[in-house]
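Colleague: I'd like to go through this one with you, a couple of questions at a time. Can you put it up?

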Amino acid sequence: MTSLNRRTILRGMINGAKVGVALPFLNMFLDGNGEALAATGQRIPVRFGTWIWGCGFIPERFIPATEGADYVMPPDLEPLAPYRKQMALFTGYDVKLDGVANKPHQTGNFGLRTGIPVPGETPKTGTFDVAIGNVIGQDTRFRSIELSASGIQRSYSYRGAASPNPSETSPIALYQRLFGEGFRDPNEGTFSPDPRTMVRQSVLSAVKDDRERLMKTLGAADRERMDEYFTSVRQLEQQLELQLQPPARVENFTKPSAPGKTVVDADIENVMVNHKIMAGLLAQALACNQTRVFNMLFSDTASNLRRSSSSDTHHTLTHEEPVNPKLGYQEQVAWFAAKSMLACRDFVDALASIKEGNGTLLDNTLMFAHSDCSIAKSHAVEGIPMMIIGGAGGRVRTGYHKAGRADATSRVVLSVQQAMGVQVENWGTGAMNTSRTVTELVA
Amino acid sequence: MTRKHPSFLRKTCIGLGLALAGTLAWTQQDGARVAGPAQAAESGPATAPGNVRRLTESQYRATIADIFAPDVPIAGRFERGLRVDGLLAVGTTYGGMSAFSIEQYDISARSIAAEVTSEKRRAQFMPCQPKDEAAFDKACATRFVETYGQRLFRRPLTSAERDRYVTVAATAQQKLGKFHDGLEFALAGMLVSPHFLMRIERTEPDPARPGQQRLDAWSKATRLSYFLSDTAPDAELLRAAASGEIHTEAGLARQVDRLVSSPKLEKAVRSFFSDMLLFDGFNDLFKDPSIYPAYTVAVANDAQEQTLRTIVSHLVADRGDYRGLFTTRKTWMNRSLGIIYRQPVPTRNGWEQTEYAPSSQRSGILTDISLLALHSHPGRSSPTLRGKSLREVFLCEKVPDPPANVNFSVVQDAVNRPGSTARMRLAEHNDNPACAGCHKITDPMGFTLESFDGIGTFRSKENGVTLDLTGSLMGASFTGATGLGKALHDHPGLPVCLADKMLRTASGRKANPAEEPYLEKLAEQFAANGYRVPDLMRAIATGPAFFTISNPALVPAGTKTAITRKKGDNS
């Protein structure tokens with residue numbers, strides 16, 4: 001297999017095989033400026049989100065033998081087969097440690113998400129999803145929505161080094177936040193602004209009033225923290241502004257009903273259920289412009305998933321389960337890895353089930369799925385699997401497998417940021433630094 | 001300097017710390033720690049800022065309960081605290097504020113303000129009544145804003161702040177019609193202000209040291225109050241701040257004595273231990289219900305309550321020796337815990353003080369199900385996690401992470417294989433030099449707790465094999481939990497670690513190697529006072545370090561790597 005580049009793709013031939021690069025958007029639903037339009041004539045926004053699963057994969061069951069469009073779907077990716085045209089699969093990209101100690105399940109994950117490998121449990125800077133949110137997520141009710149399906153109160157979306165965006169862990173709490181108080185149904189027809197909302201606006205401007213004076217009294221680090229406080233207040237103000245305007249109608253939207261009570265814990269069957277409910281609620285929220293950015297933690301990077309009645313977790317199994325000599329890999333670990341891809345399909349299904357314009361919400365979303373390592377048993381940060389799923393409003397090309405050949409993961413992440421409109425020329429530090437994008441991906 | 005006992009602190013990073021200490025010299029002359037040249041040069045004395053610490057959840061709740069009433073509803077949720085250097089208390093100085101948090105603080109603010117200004121509670125909370133509910137009474141609104149503003153901001157409002165919130169009240173009344181609606185929104189505003197949510201310390205020129213700054217009286221009162229009571233300053237503290245009395249040695253001592261002997265000290269001790277013992281980890285601790293059907297969320301809550309009750313009654317009510325927490329059989333029990341402990345509990349509802357039976361093999365809080373369950377896997381115990389947590393939580397040692405790329409192929413699974421015990425399984429690690437180093441630090445302590453399963457129920461056998469409970473710590477060999485309790489009790493690092501964590505809780509700062517001499521002195525004092533925690537807290541609050549102004553940004557980052565809790569790292 002020779003190297004794959006934009007030119008070969010565009011020529012459409014690799015080793016004699018026809019390569020069809022999926023064009024996720026059809027001109028018929030673009031306006032004159034190339035923007036997607038809904039039937040209401042409004043522009044359809046692009047959405048972005050990350051989806052993390054912990055403890056990597058079983059390479060022989062996940063990495064296709066060939067690159068390009070016509071790869072044979074490996075067994076653990078089979079659940080995603082219906083979406084192969086809307087998926088770009090990246091294997092063989094590394095987080096470059098540059099001598100940084102590999103903190104198991106953290107270094108690879110934060111290295112990938114910030115471009116800076118760290119030896120500990122907190123990143124040195126904000127994560128790339130926040131940079132994208134700052135571009136595409138400014139004028140919605142929520143800057144972003146973070147979710148964790150396995151009960152773990154953790155998030156890998158960071159505004160800054162010490163500032164995670166906390167995850168919702170319960171479907172009911174998520175529903176309350178998205179569709180409870182403060183939610184305005186875009187299709188309810190009647191609209192009358194609540195005077196209390198206007199009063200709340202004046203409250204927030206009073207709170208912000210002495211910002212300048214306060215900032216002057218603080219040291220640099222505290223100024224930064226205070227700045228975060230005021231940015232967060234700004235989101236709240238924005239929520240109030242939105243409540244005072246009649247919301248734009250949203251096609252095919254009906255306010256979802258509240259989910260029933262579920263068990264929130266790390267038993268994988270419960271996690272699958274909660275994950276699916278949360279994905280559905282999130283997709284609805286994306287559809288009606290409550291947010292444009294999300295981060296779903298399906299399982300923690302040191303995956304706490306477990307099967308009922310087992311004294312092991314996915315994570316402990318990665319270290320302790322012997323390799324099955326017949327299969328050549330760890331059988332139970334493989335079961336969890338495959339299950340994670342089933343969950344990934346549930347998530348994509350939720351996005352694809354929502355009609356938007358002439359396509360679906362998935363066509364207007366760039367979902368970036370990744371893990372924290374490749375082979376969990378050895379905490380390897382070389383070859384961390386990454387997938388881009390969705391049409392991203394026509395901003396990226398999908399439908400192929402691309403091998404990184406030990407390039408830095410930052411190449412893919414830089415490309416994604418640029419595709420989402422982030423003004424960034426090069427990204428990452430040290431060996432992770434790159435100004436080269438992945439040409440196949442760039443539309 | 002001569003050390004009376006070896007320092008057990010910052011073992012892993014001391015080299016780096018010492019290297020940096022030279023650039024950030026904190027002088028020890030006349031007993032006062034002042035900022036060294038690095039700080040003075042960078043920020044200048046006139047602007048040397050105090051700390052900005054965010055209220056913890058428990059502080060927020062206590063503050064609202066004290067200023068208003070315990071039954072005033074707090075409707076919002078709380079973001080999980082940031083753990084820095086092993087403590088949420090230190091994280092309050094470094095963490096940011098997410099949009100989620102502001103959203104939730106806003107929800108809480110509105111629920112509190114609506115209740116406080118509601119008709120049914122006006123008699124309780126209103127300092128004045130308007131002449132007419134339909135007209136704006138500026139004098140009454142001003143009084144309301146000043147009264148609650150001072151309590152919430154822990155200092156008098158500036159005239160600009162006062163006017164700002166009175167204006168909010170006027171605007172709200174104009175739009176909504178009722179005077180109390182106006183007050184509701186003025187109060188809601190103060191409750192989302194950074195001056196309430198964060199303890200923003202202020203400085204002023206120090207008359208005793210021309211050219212230098214000191215914390216102003218209100219900031220001092222606030223530091224004292226949250227450290228010793230875990231809540232906002234009460235009326236007496238605010239009075240001592242207003243009069244300037246708190247700046248005098250005698251005035252400060254009076255306040256410290258008062259707070260140390262106040263019933264609220266218990267709250268501070270509780271919060272401190274809940275933080276130090278990593279109890280926030282219960283938020284995402286799960287046990288397999290088919291393996292441990294007895295473990296429920298209610299049991300988990302009771303288990304934490306049991307340990308905190310034991311701590312508070314031993315340390316505060318009985319003024320006991322801290323080290324005794326690891327050997328005492330005294331504990332608290334309720335009926336649902338009694339089932340797991342297999343101990344009869346006569347009290348039908350609620351708690352009773354009792355003792356673990358001598359035959360129970362339990363020894364102090366080490367063998368409470370809270371600690372045993374927290375440091376176990378979902379479906380089994382873990383000598384490694386338990387040993388690691390004991391080292392990190394109680395001895396302030398950092399146990400390194402497992403090395404990447406370990407060959408585990410020799411470790412067979414079959415945890416429940418007949419005839420297998422954790423000791424046998426972990427023996428494989430100890431044959432592997434890459435693993436042995438750390439497992440030798442953790443496992444010999446953890447093995448002695450193997451008579452308790454993954455939720456802390458007593459067992460004498462695992463998979464049919466009688467357990468071998470021998471272990472060791474610092475060369476001393478012993479058997480079982482009672483042996484471990486005794487060994488920890490006698491470990492010289494145990495009280496030093498507590499003093500260290502208490503000091504960092506008080507200051508909110510990361511560990512700084514330049515603090516070591518002061519810390520050693522503090523530990524000696526702790527020993528001289530019979531290891532009594534209230535005395536330790538008093539010593540810190542009246543000590544030279546407590547009101548130090550420092551900018552945490554100037555403390556070299558990476559002086560000590562953050563110890564954050566991690567489940568499932570080791571087997």
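**A loop and an interface**

Modeller: B:Met474 lies in the loop between β9 (470-473) and β10 (476-479) of chain B, with strands being DSSP runs (E, at least two residues) and helices likewise (H or I, at least four), numbered from the N terminus. This is a predicted model, where local features need pLDDT of at least 70, side-chain atom pairs count only at pLDDT 80 or more, and totals for chains, interfaces and linings use all residues. Residues are numbered from 1 along each chain as its sequence is written, chains are lettered from A and ligands numbered from 1 in the order written, and side-chain values use heavy atoms, without hydrogens and water.

Colleague: Which helix gives the largest share of the side of chain A that touches chain B?

Modeller: The contact (heavy atoms within 4.5 Å) takes 74 residues from chain A and 74 residues from chain B. Across the interface, 27 residue pairs are in polar contact, both at pLDDT 80 or more; that means N or O atoms within 3.5 Å, where within protein one must be able to donate a hydrogen and the other to accept it, and residues adjacent in sequence count only if both atoms are side-chain atoms. On the chain A side, the largest share, 13 residues, comes from α8(A).
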